[in-house]
Amino acid sequence: MKLSHGVLLGVSLVLLTACSKGPSDSEVKAVLQAEVDKLANLTSFAGLDMKVELHKVTVHGCEEARTDVYRCDVEVDSTAPIVGRSVERTNIMLAKTEAGWIPAN
């Protein structure tokens, strides 16, 4: 029984270490907020109010897709015009740069 717990603990530590390289909840929220702000600026020129409010962003896990590019499973709690408040879960790609995290292809 002790061997099983030791192996399980070791695997858990490896998984936690692997996940720690990806962006945090607050880093993902900052990237998404920057994208939402860009959209709001673009739509305001057309006289539309497309302001989206991000309430909470939760990262459920990230895996490195290629060097310094991560595919993350995130849950976004937001309020948008017409749609109202909703919670959506999706995958996003983010790249780690010297300046911080940015959207990736």
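Which residue does a disulfide join to C62? In this predicted model, where local features need pLDDT of at least 70, side-chain atom pairs count only at pLDDT 80 or more, and totals for chains, interfaces and linings use all residues, the disulfide joins C62 to C72, with an S to S distance of 2.1 Å. Residues are numbered from 1 along each chain as its sequence is written, and side-chain values use heavy atoms, with hydrogens and water left out.

The structure holds one disulfide, a term that denotes a pair of cysteine sulfur atoms within 2.5 Å. Because the torsion about the S-S bond of C62 and C72 is about 110°, this disulfide is right-handed. C62 lies in strand 1 (residues 53–66) and C72 in strand 2 (residues 69–80), so the pair ties together parts that are 10 residues apart in sequence; strands here are DSSP runs of E with at least two residues, numbered from the N terminus. Both cysteines, C62 and C72, are buried, that is, under 20% relative accessible area with a 1.4 Å probe and protein chains only.

Strand 1 and strand 2 run antiparallel and are joined by 11 bridges, where pairing requires that DSSP find at least two bridges between two strands. These two strands form a hairpin with two residues between them, and D68 in the turn has a positive phi of about 60°. Opposite E64 stands Y70 of strand 2.

Y70 also belongs to the one aromatic pair counted, for which ring centres must lie within 6.5 Å, with planes under 30 degrees apart counted as stacked, over 60 as edge-to-face and the rest as tilted. The rings of Y70 and W101 have centres 5.5 Å apart and planes at 70°, so the pair is edge-to-face. Since Y70 lies in strand 2 and W101 in strand 4 (residues 100–103), the pair ties together parts that are 31 residues apart in sequence. Y70 and W101 are buried.

Terms used: Helices (H or I, at least four residues) and strands (E, at least two) are DSSP runs, numbered from the N terminus. Buried means under 20% relative accessible area, exposed over 50%, partly exposed in between (1.4 Å probe, protein chains only). Rings of Phe, Tyr and Trp (its six-membered ring) pair if their centres lie within 6.5 Å; planes under 30 degrees apart count as stacked, over 60 as edge-to-face and the rest as tilted.
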